[in-house]
Amino acid sequence: MKNFPSIEDLRQQARRRVPKMFFDYAEAGSYSQETLRANRADMEKVKLRQRILRDVDQRDTSTTIMGEKVSLPLALAPIGLGGMMYGDGEILACRAAQAAGIPYTLSTMSINSIEDVAGAVDKPFWFQLYVMRDRGFMKELIQRAAAAKCSALMLTVDLQVLGQRHCDVRNGLTVPPEIKLKNIIDIATKPAWAFSILKGKRKTFGNLAGHVKGMENVNSLAQWTASQFDPTLSWKDVEWIKSIWPGKLFLKGVLDVEDARIAAKTGVAAISVSNHGGRQLDGAPSAISALPRVVDAVGSELEILFDSGVRTGSDMVRALALGARACIIGRPYIYGLGAGGQAGVARAIEILGKELDITMALCGVKNVRDIDRRVLADWDSNR
Ligand SMILES: Cc1cc2nc3c(=O)[nH]c(=O)nc-3n(C[C@H](O)[C@H](O)[C@H](O)COP(=O)(O)O)c2cc1C
């Protein structure tokens, strides 16, 4: 995959290889996509400080995330339907992450199940939990993640209801795809994709199949999600989950300082400052603009992770400079997955790692753990 020099190149290749319904699903934000655009626009406003003559030989990008050693300050995000970008997509993405020495997060809404992934990889991975109405099933899922030796549980807290992506409605997104003429033509022009999906273990939500009623007759993904996801989700559930999950628990989807303060009091190991990649509350601030406020409020109490809008290694430096311990990426690796399966995900991680390393050198930093606000061009004015 060496002829794909950037995440944007992987994106273009994924667009060519993946049927429109699934590419659009991965690409889109909710409603008018204001927040999706703000994630990128605000990221690019954060300027880095160019430094010279500082001997930046022998750089080190390794660090820890919640105590786990990692080769890069990076983790792969949970992606519902990841296995629709490429057959067995979750297994392949997890293998690529583990080979690169970074964590992979399996979504509740994955195609491969927890057990499929656990049986196909060497090391523990993280599991992401969406809270559904059936708490008995939730408890079962948590126990399955514990039995699979998942090393952290990521509780996503910003999807108490589903933000609509208009393209999913227009495209009639269902899992597996409905046999309609439009879909048949689209799939027929994507033979490599179709072959990989046919070879894959599963064609629907692996963690839910056989457990959740109505799975077999999904008319629209949005309708089904609305019927299963629990809008009563509250801080009490965080306590409940903490009481039954034996390992590290962290929250993904914190954007507000008041919420961050409450989260810190619950004793979770970390929070991820995130707006779900612009897929939930449209009109919410960009994640990068929310990050420094959250770090200032609770950064001394727990680890702050960051996602939503990272596309380059310099974006990683920006987020780290503003106080994140590590970044979590969604679309960048999903583009890699659609572009070339495991090799594509490996390439996405390699691209970001190399860009991070070069950016560190040009900012005069040798160790990723030394990245702080002094790396920002407007640091003087922040002093
Ligand atoms: C196609 C797609 C599916 C997603 N599915 C989930 C999911 O199942 N669970 C979850 O917590 N977040 C999910 N997210 C959000 C990501 O985990 C992450 O927050 C987001 O992608 C980060 O933004 P980025 O794509 O700009 O890197 C999804 C995002 C995308 C793009």
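Trainee: At what angle do the axes of helix α3 and helix α13 cross?
Mentor: The axes of α3 (residues 34-45) and α13 (residues 287-298) cross at roughly 65° and come within 7 Å. Axes here are lines fitted to C-alpha atoms, for helices over the stretch in contact, with angles from 0 to 180 degrees between N-to-C directions. Helices (H or I, at least four residues) and strands (E, at least two) are DSSP runs, numbered from the N terminus.

Trainee: Which residues meet there?
Mentor: From α3, N39, D42 and M43; from α13, A287, I288 and S289. Contact means C-beta atoms, placed from the backbone, within 7 Å. By class, this contact has three nonpolar, two polar and one charged residues. Ala, Val, Leu, Ile, Met, Phe, Trp, Tyr, Cys and Pro count as nonpolar, Asp, Glu, Lys and Arg as charged, and the others, Gly among them, as polar.

Trainee: Before going on, what are the ground rules?
Mentor: This is a predicted model: local features need pLDDT of at least 70, side-chain atom pairs count only at pLDDT 80 or more, and totals for chains, interfaces and linings use all residues. Residues are numbered from 1 along each chain as its sequence is written.

Trainee: OK, the sheet. What is the strand order?
Mentor: β3-β10-β9-β8-β7-β6-β5-β4, an open sheet of eight strands with parallel pairing. Strands pair if DSSP finds at least two bridges between them.

Trainee: Why is one side of β3 and of β4 left without a neighbour?
Mentor: β3 (74-76) and β4 stand at the edges with a single partner strand each, so one side of each has no neighbour in the sheet. For β4 (residues 105-106), two bridges join it to β5, in parallel, and L106 stands opposite F127.

Trainee: How do the β5 side chains point?
Mentor: In β5 (residues 126-129), W126 and Q128 point one way, F127 and L129 the other, and all are buried. Buried means 20 or more other C-beta atoms, placed from the backbone, within 10 Å of the residue's own.

Trainee: And how many bridges join β8 to β9?
Mentor: Four, between β8 (residues 270-273) and β9 (residues 303-307), which run parallel. I271 has I304 as its bridge partner in β9.

Trainee: Which residues have the most contacts inside the largest nonpolar core?
Mentor: I271 again, together with L291, in a core of 121 residues. Such a core is a set of buried Ala, Val, Leu, Ile, Met, Phe, Trp, Tyr and Cys residues joined through C-beta atoms within 7 Å. The largest share, 13 residues, comes from α15.

Note on methods:
Two residues are in contact if their C-beta atoms, placed from the backbone, lie within 7 Å. A residue is buried if 20 or more other C-beta atoms lie within 10 Å of its own, exposed if 12 or fewer, and partly exposed in between; C-beta atoms are placed from the backbone.
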